[in-house]
Amino acid sequence: MKRITSNSIILSLLAFHFSVLTTSAQSLTVEVKNPTADFRHEVVAVPTSKVLPTFHIAGQDVPFRVIEGAGLDVPYQLTHDSLLLIEAAVRPKGTARFYIIPGQPPKFPTVCHGAIHPERKDDFAWENDRGCYRVYGPALGRTGERSYGIDVWTKNTPELVVDERYHIEDVVMMPRVDSLRRVNRQRGDSLYRINSYHHDHGRGLDPYKVGATLGCGAPALMIGDSIVMPYVFSSYKVLDEGPLRLTVHLVQGKTQVNGCDVEEHRLIQLDKQSNFNRMTVWYEGLDRFVSFCSGVVIQREDPDPVVLGPNYVSYTDPTDQPRLHQAPLYVAALFPNGTVETRRHRGHALGILSDYRGEPYTYYFGSAWSKYDVRTPQEWQARIEWFMRSLAAPLEVTVK
């Protein structure tokens with residue numbers, strides 16, 4: 001006689017419950033097909049017009065869950081541009097199925113986060129579970145400090161770290177450090193070292209040197225051979241923030257380009273699990289053809305590990321204190337759209353797009369840290385190639 005255990009009863013009830021839910025008239029099936037020979041783990045999008053009407057009953061929106069084949073909830077997010085995002089993992093050449101059913105979803109932790117930091121001269125900083133980035137705002141511009149590009153902070157944890165770092169350094173620590181240094185310089189320096197985000201305390205740090213450069217992936221126009229360096233943003237708006245995607249719209253201060261009063265717009269998007277930000281940039285007021293460029297700064301201390309691909313540039317950055325930090329940082333800018341020329345130019349590895357007149361242009365920039373998810377330059381190269389293949393052959397999503 002077969003022994004019936006409490007576990008088998010629970011599993012049978014769960015299986016019955018799951019089969020009822022997935023065959024309900026108020027359920028949808030999302031199929032995600034992987035056309036490539038690579039394992040894929042990324043965020044996929046479904047137009048909400050294909051989903052929400054099913055869960056709009058008697059004039060009210062009904063809460064819904066997204067579950068995978070075993071009946072477990074997976075994170076999802078609704079975006080400003082009417083998309084339902086789902087976190088999907090799909091084996092090579094495989095198909096994963098997700099079921100959208102009525103029910104109250106669990107609260108998933110926020111992984112993709114961004115915020116303004118007036119305590120540090122209006123920095124706007126954002127992060128996901130792979131890395132952190134920041135750009136400089138109006139308060140820094142008023143000081144005259146020459147910091148133009150996109151900064152990179154490292155992390156080796158999926159937890160959010162940026163807000164805490166700012167609070168510890170700029171709110172709690174620095175007033176005490178300055179006061180203590182006036183009394184005892186050595187003790188003040190010691191307090192700084194054990195708290196500053198410029199040192200790694202086990203969860204990452206700010207080791208990247210930007211200054212008057214493009215940093216990691218900032219966009220710019222070119223006049224002849226000169227890069228018209230962007231400066232601080234004048235306004236920002238967070239459009240999406242949640243478990244799966246951060247989207248922010250940045251408007252840069254106006255600048256003169258060939259007699260035109262030009263305003264730059266950036267739409268930056270960072271997804272969970274991704275080493276790369278999606279940047280869409282456009283320029284209002286540009287009425288003639290110029291060249292557009294983006295790329296990464298090459299540090300003087302270590303100019304050799306630059307890779308110029310046909311549609312990307314990458315670099316093994318030694319960090320701002322290579323003898324102290326020891327762990328290099330990997331950065332790259334990728335140009336899957338349009339024909340670009342990649343070359344070294346004025347201290348950068350650049351992708352240059354000719355005959356550009358300000359229309360929206362999309363490219364990608366990103367990073368990885370050798371003390372976290374990418375150990376070697378060879379791994380970084382493989383990560384870039386994998387990402388470019390993924391862009392060329394996106395996951396195929398259908399709703400049934």
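This is a predicted model: local features need pLDDT of at least 70, side-chain atom pairs count only at pLDDT 80 or more; totals for chains, interfaces and linings use all residues.
**The largest pocket**

- The space inside the largest pocket comes to about 740 Å³.
- Its lining is made up of 28 residues. To find the centre, look for Glu 42, Val 43, Asp 271, Phe 387 and Leu 391, which lie nearest to it.
- Four elements each give at least two residues to this lining: the strands β2 (40-47), β18 (260-271) and β19 (276-284), together with the helix α6 (377-392).
- Of the contributors, β2 has the largest share, with six lining residues.

**Helices α3 and α4**

- Helix α3 spans residues 162-183 and helix α4 spans residues 185-193. Their axes lie 6 Å apart, at an angle of about 165°.
- That angle is over 145 degrees, so α3 and α4 are roughly antiparallel to each other.
- The crossing of α3 past α4 is left-handed.
- On the α3 side, the contact is made by Glu 169, Met 173, Met 174, Arg 176, Val 177, Leu 180, Arg 181 and Val 183.
- From α4, the residues taking part are Arg 185, Arg 187, Gly 188, Asp 189, Leu 191 and Tyr 192.
- Sorted by class, the contact of α3 with α4 holds seven nonpolar residues, six charged ones and one polar.

Technical notes:
Residues are numbered from 1 along each chain as its sequence is written. Side-chain values use heavy atoms; hydrogens and water are left out. On a 1 Å grid over the protein atoms alone, a cavity is a set of points where a 1.4 Å probe fits but cannot get out, and a pocket is an open set with protein on both sides within 12 Å along at least five of seven lines; lining residues have an atom within 4 Å of a point. Grid points are joined across faces, edges and corners, and a volume is the space filled by probe spheres set on the points. Axes are lines fitted to C-alpha atoms, for helices over the stretch in contact, and angles run from 0 to 180 degrees between N-to-C directions. Angles under 35 degrees count as roughly parallel, over 145 as roughly antiparallel, 65 to 115 as roughly perpendicular and the rest as oblique. A crossing is left-handed if the near helix is turned anticlockwise from the far one by less than a right angle, and right-handed if clockwise. Contact means heavy atoms within 4.5 Å. Ala, Val, Leu, Ile, Met, Phe, Trp, Tyr, Cys and Pro count as nonpolar, Asp, Glu, Lys and Arg as charged, and the others, Gly among them, as polar.
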